[in-house]
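Open the model in your viewer and keep the selection tool handy. We will take a short walk through part of the fold.

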Amino acid sequence: MRSLDASQDRRRHVRCVVRIVRFREVFEYPDTVGACGFVTVLRGELVGFASFDPTQGPESGRVGHNCILPGFRGRGYGKAQLIEVLRRLEGRGIRRAVVSTNTHPFFIAAQKMYLSTGFCETKRYPGGAEP
């Protein structure tokens, strides 16, 4: 697992047209999925889902899931969702965002995206489950 951190002043903003739906309880596992979430829809088609947990604020907030359907990957939607999560955390007065990923090769693209958005690796844990 990798733990990444982004400060407010290092974030870049990207514009993306998304329709957002907010959930209070996402599925039956709000603690693992996140306290808040939204879906991204493009021309009526589901693109992805992102979640976040602001309950540790105002010191920090946690980026939850940031999932993009396979047919939409590699087009910047994951980054746009991440930036929307950071905007929502900032709107709640959160000063620092934290995200964790796995060391499995599946997560390499996500790790690169987090680093390109201003996060930096702060800790590395051994192991990691299959995605």
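At what angle do α2 and α3 pack, and how far apart are their axes? Select helix α2 (residues 77-91) and helix α3 (residues 108-116): they pack at an angle of about 50°, with axes 10 Å apart. Helices here are DSSP runs of H or I with at least four residues, strands are E runs of at least two, and both are numbered from the N terminus. Axes are lines fitted to C-alpha atoms over the stretch in contact, and angles run from 0 to 180 degrees between N-to-C directions.

This is a predicted model, where local features need pLDDT of at least 70, side-chain atom pairs count only at pLDDT 80 or more, and totals for chains, interfaces and linings use all residues. Residues are numbered from 1 along each chain as its sequence is written, and side-chain values use heavy atoms, leaving out hydrogens and water.

Next, show the side chains where the helices touch. G78, K79 and L82 in α2 meet M113, Y114 and S116 in α3 (contact means heavy atoms within 4.5 Å).

Now move to the strands. Select β3 (residues 45-53) and β4 (residues 61-68), which run antiparallel and are joined by five bridges; strands pair if DSSP finds at least two bridges between them. Click F49 and you will find its bridge partner, C67, in β4.
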